[in-house]
Amino acid sequence: MQFIDLAAQYQYLKAKIDTRIQRVLDHGQYIMGPEVGELEEQLANYVGVKHAITCANGTDALTLAMMVLDVKQGDAVFCPTFTFFATAETIAFQHATPILVDSDAATFNLCPVDLERRIIKVISEGKLKPKAIVAVDLFGLPADYPAIVAIAKKYDLKIIEDAAQGFGGEINGQRAGSFGDIATTSFFPAKPLGCYGDGGAIFTNNDDYAALLRSYRVHGKGSDKYDNVRIGMNSRLDTIQAAILLEKLAAFPDELRQRNRAAKNYETALAGRYQTPVTPDGYLSSWAQYTLVDENRDAIMADYKTKGVPTVIYYGTCMHQQTAFKDLGYSDTEFPVASRLARQVFSLPMHGYLEVDQLTAL
Amino acid sequence: MSVPFIDLKRFEEGLLERWNEKVSQLSATASFIGGAEVAQLEETLTQLTDNKFAVSCANGTDAIQLALRALDVGRDDLVLVPNMTFWATFEAVVNVGATPVTVDSDLSDGGIDLAAFIEAVEKYRPKAAVIAHLYGWGTANLQQVRDYCSANNVLLVEDGAQCFGTQYNNESIYKGALISTTSFYPAKVLGAAGDGGAVFTSDELLAQRARQLANHGRTSHYGYGLVGWNSRLDSLQAAYLNLAVEFLPHRIESRIQAAQFYKTHLGNLGINQIDAPAEYVENGYCHVGLIDNIDLKQTIEAALKSNNIGFGNIYPGAMSEQECSKRYMHAHVGGNQAQQICSTVINLPVFPYITSAELSTVVDVVKSACEEK
């Protein structure tokens, strides 16, 4: 059994994907070819925003978003401590200071109560300028945007939605990638919508942000790439990856339904035995991960292993526990929920081609 | 007959079929990040560049940033950059938080002006310097620059995006560099079917740091010791490059022949055609002509355009002349040879397997434009 069965998906989509790749080889426009524009249009339509701008990977997407919001040294940017490293890394990469926030025990997402507490603290200390909140749609579940948006308004902060795992999720019909001022996603192969290498995208309704992003990703270009009007970077989605994503996006709604069916089956079989993930009313998860919580994690994982079921820990180390951030001076006691989650979470196999009957029988 | 500036669709026989097979294989096993193809490519690159280590990454710009950050170049550091290069060289320095000092270029070969370089080091004592090996060769003074930097504690990064396959004193130009970089942008001499790049060094610590930085500063499965970023070469691209590299000698030969054809047939027309310095065997990256007579340059460019012949101007503007560069640079050292190259340079079509009919067409159009003038 595979933790994420990308091979099954390829077998299913093989003919279409192979044809798409062949078409790119025929026209030879490997950089910013027509498939890139086509994909961006379809992504924007799917998410329900005005602009989708693709880039080289999900980390670059966050960096580009921070460049647009002019996040820099002296700025405080709030983000969850229980997340993938890139969320906090990109804040530090801009020479700003990540202010880490504890998690909600049921959804694993950013805790709005702790968020507001930390904003107030930064303001009262007066050393850093509160600039933005990076809200992560962890494991596929959109963060608590109704609460986070209200807090951002109150303190005049920008919101970056880190939808690296959230693409496909919804709150009351509104899709992930459309919350906040600017949103990012990743097309890393294991993501709900993944390509066959590295890739990413940024979503926004703001025309100025979109124009800036299109310049930043090609060396801060003006009229062409030799007219450099600002410092940018090189961050483009390869045409071949865009071609692959076009076919995978077409299959995505079906896969999303399959993932939700699988999650429901897991819930039925496992509720009561472990703490199962909570999906609040009106929310839809893209189930990037199906994550359980239990004090006896290691024993349970070992048991699954003997039965041939792969399980993985996302995440075993919080941001406040990382060597790279030890200078921030945090301790576990400040993040009781996240620190406990890091000790107790483990994720089960999840993908769009999962034969769940076989699993739940276990 | 129209002639493109570059045509990336002239594949060697069997290359595409073999790559398609690899794509199916990699897709069926979901081997998209790292893996055997990337490892094989990096091994080949160490051999071809005569370096102990090769670290692949997402693109040539990231490669320069990785090299600078591996050297711990960052905030409050001054870094020399050539005034004539692609913007990425300048940009990478700013992106690591350092401050560029531009140094003039040498009109004779497009490389760094040695006198200005030495003046800049003495005046500003920079932590590092980036030089760019443009056009498929390096500066005639490469060994002096390397020796001078090591004697004066200037960390030298060599941007070799355009010089893969170039020989300097009969060895790979990348050999003997403290740390160097390349780009696998499709139009490059060793080009991928998308973006890619690599860092070369024989210093184990630098290689380790570059590799770690390119993978989020990761130190263990869940541990991150450094703030890095994400910069990886896709396995699909590594697979393509592993095939392309087999044909590299043929491609280089074809490119050199094309450039040579222009040189043979376009003499005495008012176009100063630049040769690689004597110490080099070029890789045929491009043909370089400088046309001092602006009228003549415009006439030739108009004739090329009206005949649907592609051409380039590498590069149309010096770093110090870019709209925003003044805000970031500390100073400029030397004269304005870079600007002179930028305003006079023209590059005619050069790519592997360009036909003799295409080359003759270009020569005829340029010649008749010159005669008309």
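Visitor: How many aromatic pairs are there over all chains of this model?

Guide: The count comes to 34 aromatic pairs over all chains, where rings of Phe, Tyr and Trp (its six-membered ring) pair if their centres lie within 6.5 Å, and planes under 30 degrees apart count as stacked, over 60 as edge-to-face and the rest as tilted. This is a predicted model, in which local features need pLDDT of at least 70, side-chain atom pairs count only at pLDDT 80 or more, and totals for chains, interfaces and linings use all residues, while side-chain values use heavy atoms, without hydrogens and water. Residues are numbered from 1 along each chain as its sequence is written, with chains lettered from A and ligands numbered from 1 in the order in which they are written.

Visitor: How is a pair such as Phe82(A) and Tyr315(A) described?

Guide: A pair of aromatic rings is described by the distance of the centres and the angle of the planes. Phe82(A) and Tyr315(A) are edge-to-face, 6.2 Å centre to centre and with 80° between the planes. Phe82(A) lies in the loop between β2 (75-80) and α4 (85-93) of chain A, and Tyr315(A), 233 residues apart from it, in the loop between α9 (297-306) and α10 (336-344).

Visitor: Are Phe82(A) and Tyr315(A) buried or exposed?

Guide: Phe82(A) is buried at 1% relative accessibility (buried means under 20% relative accessible area, exposed over 50%, partly exposed in between, with a 1.4 Å probe and protein chains only), and Tyr315(A) is buried at 9%.

Visitor: Which cluster do ring pairs link these two residues into?

Guide: The cluster includes Phe82(A), Tyr315(A), Phe84(A) and, from chain B, Tyr224(B).

Conventions. Helix = DSSP H or I, 4+ residues; strand = E, 2+ residues; numbered from the N terminus.
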